[in-house]
Amino acid sequence: MQRLARSWQRAGTHVGFVPTMGYLHAGHLSLVQRARKLVGRRGKVVVSIYVNPTQFGPQEDYSRYPRDLARDARLCREGAVDVIFAPDDEQMYARGSAGGFSTFVVEEGLARGMEGKSRPTHFRGVTTVVAKLFNIVQPELAVFGAKDYQQAAIIQRMVRDLNFPLKIVVAPILREADGLAMSSRNKYLVGDLRAQALVLRRSLEKARAAVRQSSRPVPAARLKAGLKRFIERAPAARLDYVEFFEPGTLVPVPSVARGTRMALAVFIGKTRLIDNVRL
Ligand code: AMP
């Protein structure tokens with residue numbers, strides 16, 4: 001992959017990159033379309049498909065995360081992706097003779113709250129694998145989804161701090177017709193869990209309405225308490241966190257106004273879902 005990337009560079013070809021964990025859906029494909037628009041018809045779009053073990057905690061769903069490379073390859077072909085990069089664990093994290101893998105990339109500011117608090121080793125895995133992928137694919141731009149808002153902010157920070165020579169583009173969240181944010185993990189939502197998962201979207205809407213109807217900023221603590229009650233009225237739902245923060249710095253705000261970003265994580269049964277919105 002790196003050899004191919006360097007040959008593209010020598011030829012002056014524009015390269016756009018979309019990193020994913022596979023089990024692709026329309027949200028991923030919207031990032032592919034965005035990359036295509038940016039690199040043009042003669043440019044190259046690379047999609048990586050890799051379920052990265054280092055970003056999963058020991059109790060998380062790494063082993064049962066949905067995988068279907070044949071289906072992903074078909075979707076990529078239909079989406080005019082030029083190259084799928086699908087490495088295996090031994091290629092990414094060699095254990096072999098030279099002493100194994102021991103270098104990690106850690107962002108120490110933005111990664112502290114929210115997802116980073118609930119999943120302490122998650123972002124270390126994300127920044128490490130994304131740094132590796134950037135070095136392998138050497139794209140001039142990479143497209144990330146606003147679905148993982150904190151992740152996109154951390155990647156932007158990493159790129160700035162470590163002088164990665166590429167541009168990060170953040171694309172909007174794609175949703176199902178009823179408002180559920182598209183996610184590979186939605187596959188876990190069987191039976192009536194699928195309907196209960198709508199509490200995430202409804203919480204975002206409820207908070208947005210509260211903020212927009214109020215003439216003054218609304219205390220974050222009051223909103224959080226109301227939303228927790230609302231969410232946990234769904235029998236299978238348990239709130240992990242809800243946070244209100246400045247969109248650029250991710251710093252939590254004590255009072256919430258138009259333009260504040262809201263993010264939440266909710267367990268629906270055993271499935272942990274996230275969503276976020278600009279209020
Ligand atoms: P994942 O395969 O879940 O690691 O996601 C790969 C990329 O797709 C990340 O940049 C995600 O933010 C993005 N993504 C996932 N779901 C959506 C969605 N519903 N809308 C837009 N982007 C998404």
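Reader: How many bridges join β4 to strand β5?

Author: In this predicted model, five bridges join β4 to β5 (residues 167–171), and the two strands run parallel. Within that pairing, Val143 stands opposite Val169 of β5. Between the two strands the chain passes through helix α7 (residues 149–161), and this β-α-β crossover is right-handed.

Reader: Which residue in β4 is the bridge partner of Gly16?

Author: The partner of Gly16 is Leu141. Strand β1 (residues 15–20) and β4 also pair in the parallel sense, over two bridges.

Reader: Is β4 mostly covered or mostly open?

Author: Strand β4 (residues 141–145) is mostly covered, with five of its five residues buried. In a regular strand the side chains alternate between the two faces of the sheet. Here both faces are covered: Leu141, Val143 and Gly145 are buried on one side, and Ala142 and Phe144 are buried on the other.

Reader: Which residues touch the most other members of the largest nonpolar core?

Author: That core has 40 residues, and those touching the most other members are Val46, Val130, Phe134, Phe144, Ile155 and Ile168. The elements giving two or more residues to this core are β1, β3 (83–85), α6 (122–137), β4, α7, β7 and β9 (261–268). Helix α6 supplies the largest share, nine residues. In soluble globular proteins, nonpolar side chains tend to be buried together.

Reader: Staying with helices, where does Ala152 lie?

Author: Ala152 lies in helix α7. The relative accessible area of Ala152 is 3%, so the residue counts as buried. From Ala152 to Lys228 the separation is 76 residues in sequence and 26 Å in space, taken C-alpha to C-alpha.

Reader: Now for β9. Why is it described as largely enclosed?

Author: Strand β9 is largely enclosed by the rest of the structure because seven of its eight residues are buried.

Reader: In which sense do β7 and β9 pair?

Author: Strands β7 and β9 pair in the antiparallel sense, over eight bridges. One of the partner pairs joins Tyr241 to Ala265 in β9.

Reader: And what do β9 and β10 form?

Author: They form a hairpin with two residues between the strands, and Gly269 in the turn has a positive phi of about 60°. The pairing of β9 with β10 is antiparallel, over eight bridges. Met262 has Val277 of β10 as its bridge partner.

Reader: What is the phi of Ala80 near?

Author: Phi of Ala80 is near 60°, again a positive value in a residue other than glycine. Ala80 is found in the loop between α3 (69–78) and β3. Ala80 is partly exposed, with a relative accessible area of 42%.

Reader: Turning to the second largest pocket, how much space lies in it?

Author: The second largest pocket holds about 240 Å³ of space. Its lining has 17 residues, and Arg112, Gly113, Met114, Glu243 and Pro252 lie nearest the centre. The elements giving two or more residues to that lining are α5 (114–118) and β7 (237–245).

Reader: Which element gives the largest share, and how do the classes divide?

Author: The largest share of that lining, four residues, comes from β7. The lining residues of the pocket divide into seven nonpolar, five polar and five charged.

Notes
Residues are numbered from 1 along each chain as its sequence is written. This is a predicted model: local features need pLDDT of at least 70, side-chain atom pairs count only at pLDDT 80 or more; totals for chains, interfaces and linings use all residues. Side-chain values use heavy atoms; hydrogens and water are left out. On a 1 Å grid over the protein atoms alone, a cavity is a set of points where a 1.4 Å probe fits but cannot get out, and a pocket is an open set with protein on both sides within 12 Å along at least five of seven lines; lining residues have an atom within 4 Å of a point. Grid points are joined across faces, edges and corners, and a volume is the space filled by probe spheres set on the points. Ala, Val, Leu, Ile, Met, Phe, Trp, Tyr, Cys and Pro count as nonpolar, Asp, Glu, Lys and Arg as charged, and the others, Gly among them, as polar. Buried means under 20% relative accessible area, exposed over 50%, partly exposed in between (1.4 Å probe, protein chains only). Two strands pair if DSSP finds at least two bridges between them. A crossover is right-handed if, with the strands pointing away from the viewer, the path from the first strand over the helix to the second runs clockwise. A nonpolar core is a set of buried Ala, Val, Leu, Ile, Met, Phe, Trp, Tyr and Cys residues joined through side-chain atoms within 4.5 Å.
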